[in-house]
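Dear colleague,

I am passing on the structure below, together with notes on what was found in it. Please read the notes alongside the coordinates.

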Amino acid sequence: MIRDITIGQYYRTESVIHRLDPRVKIVGTLCYMISLFTFQSFAGYLAAIPFFAFVLLLSRVPFSYTVKGLKPVFVMLILTSVLNLFWTEGTVIVRLGFVVVTWEGLKRMIVISLRLILLIIGASVLTLTTTPNQLTDGLEHLFSPLKKVHVPVHEIAMMMSIALRFIPILIEETGRIMKAQTARGADFETGSVLRRIKNMFPIFIPLFVSAVHRAGDLADAMDARCYHGGAGRTKLHPLHYTGRDSAAFFVLLLYLLLLYFVKRYIPY
Amino acid sequence: MSILLDHVNYIYGENTPDEKQALIDVSVEIKENEMIALVGHTGSGKSTFVQLLNGLEAPSSGTVYYQGTDISEPSFSKRELRGKVGLVFQYPEYQLFEETVIRDVQFGPKNMGFRDLDIELYSFEALKKVGIGDELLDASPLSLSGGQKRRVAIAGVLAMQPEFLILDEPAAGLDPAGKREIMELLKSLHEEKKITILFVSHSMEDVAEYAKRVLVMNEGRIVLDGRSEQIFSYQKELEQIGLGVPQSVSLVNSLKKHGWDIKGMPIKYGETVEAIYEAVTRRSGGSI
């Protein structure tokens, strides 16, 4: 069950998108996400959907895989859809007692839920095609101007990458401990809420114990390699912009231009 | 009294890029009162195999029977099965969580729904069996040594009164003395309490010394299954799949190659010494 969590996971394959500089991908994703909020009409999707489809196709991540990322927000999606559908004033299409569906509500529901979907699966393409290390590397670079005002950018990035690195390990560990306790007859799926919370102790206590152990071991290992923070450190794989990255920026620009013209000339 | 796997396949992460078939067409029966070793190099499917035996994992296809009943049937109590087929994971000391040793051991029997008196009795008995003294009953499990923790964890499973005890590398990471203690414990559980034991091991010496039957796994299949003497006659085949034979067996094989006439197929350390001694005395005409 724990293995099914895909959000924030890396999908290993060879593609142009995978090889892009992480900075390009972070900036691109940010632009794309902001762009989704710049229009209230259907027309905007004429630009956004093809752009997303184009990127997804290049990334060679199966569509079904990105959709899995929607599972955790499914309830929210349904809720916003329902709220928008029934609580928007305007031209009435259907009226059943106190339930009123308006043309504006229908339109808004589609626009907003499409936006949410594109937002979430769009962001998941970033994490699916970028390893956590690349991601923090990119973020560190993008935020490095803040070093001037004494923000410990490197340390924060290091903490982030360690935290990200340990997520799969801790998930695996949780699975292992759950299995071990299940083998001793523990039950995590039935009983009252209180009972279930109580049943979590046999998982969380060993998990915390081992997490603290791992943290200690990691600190020792870093110490043994003379780690002393950000000053003067060089990188094994320094980030370089290549032709590929310029091309990606060009495509992004094209998309934003397309969005602009679509918004301007198609009124729906 | 048996656990039967019938044409079992198991696939991890079906329909993802990491899809991997961990078990391929495995059919095997584990009978009452056996002492079985399961060997195979890392990633050969051993851990998956042991988790099928008590229903922690369900096969992708094929059936697991316990005492003739299909364990996937809804009416079959998985919890009861886990009490009857005790599974001790690799490094089981990482599952200890209670404040005291005795309460941790009671966790299993409590989950089984035994009567309070029985819970007490079984827990004390199990701890005594694994050699944890009364003075440690109220100690925190975290304060124990590695070997002690391991034994407490095994006691936690034993206290459920299993008929089958499955252990995934029970001796991994222990020092030689700790290792011997664990293996001797398994032997006495098998001989005195008549518990069927299946243990995963990478030590061919331990396998030769303690197991009567050996299952050899390679790339998701059971490739060899038989009495240990039989299995260790396949030295070349075992080496090909990244395993080997006990040092005693390879010593006897080398001696035979050099013309020594050693009787039988000794695999245990003691037997080997005897056989070599016998061959040497025979060659020197009765005196050394």
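Helices here are DSSP runs of H or I with at least four residues, numbered from the N terminus. By that rule, A:K198 belongs to helix α9 of chain A, residues 193-199. A:K198 is exposed, its relative accessible area being 54%, where exposed means over 50% with a 1.4 Å probe and protein chains only. Between the C-alpha atoms of A:K198 and A:I156, which are 42 residues apart along the chain, the separation is 35 Å.

As to conventions, this is a predicted model, in which local features need pLDDT of at least 70 and side-chain atom pairs count only at pLDDT 80 or more, while totals for chains, interfaces and linings use all residues. Residues are numbered from 1 along each chain as its sequence is written, chains are lettered from A and ligands numbered from 1 in the order in which they are written, and side-chain values use heavy atoms, with hydrogens and water left out.

Turning to the interface, 20 residues of chain A are in contact (heavy atoms within 4.5 Å) with 26 residues of chain B. The area buried between the two chains, that is, the accessible area (1.4 Å probe) lost on putting them together, summed over both, is about 1,900 Å², and carbon and sulfur atoms give 60% of that area. Of the area that chain A buries against chain B, 38% comes from A:K179, A:A183 and A:R184, more than from any other three residues.

The rule for salt bridges (a side-chain nitrogen of Lys or Arg within 4 Å of a carboxyl oxygen of Asp or Glu) finds three across this interface. A:K179 also forms a salt bridge with B:E57 through their side chains, at 2.5 Å from N to O. On the side of chain A that touches chain B, α8(A) gives the most, with six residues.

Best regards

Methods
Helices (H or I, at least four residues) and strands (E, at least two) are DSSP runs, numbered from the N terminus. Buried means under 20% relative accessible area, exposed over 50%, partly exposed in between (1.4 Å probe, protein chains only).
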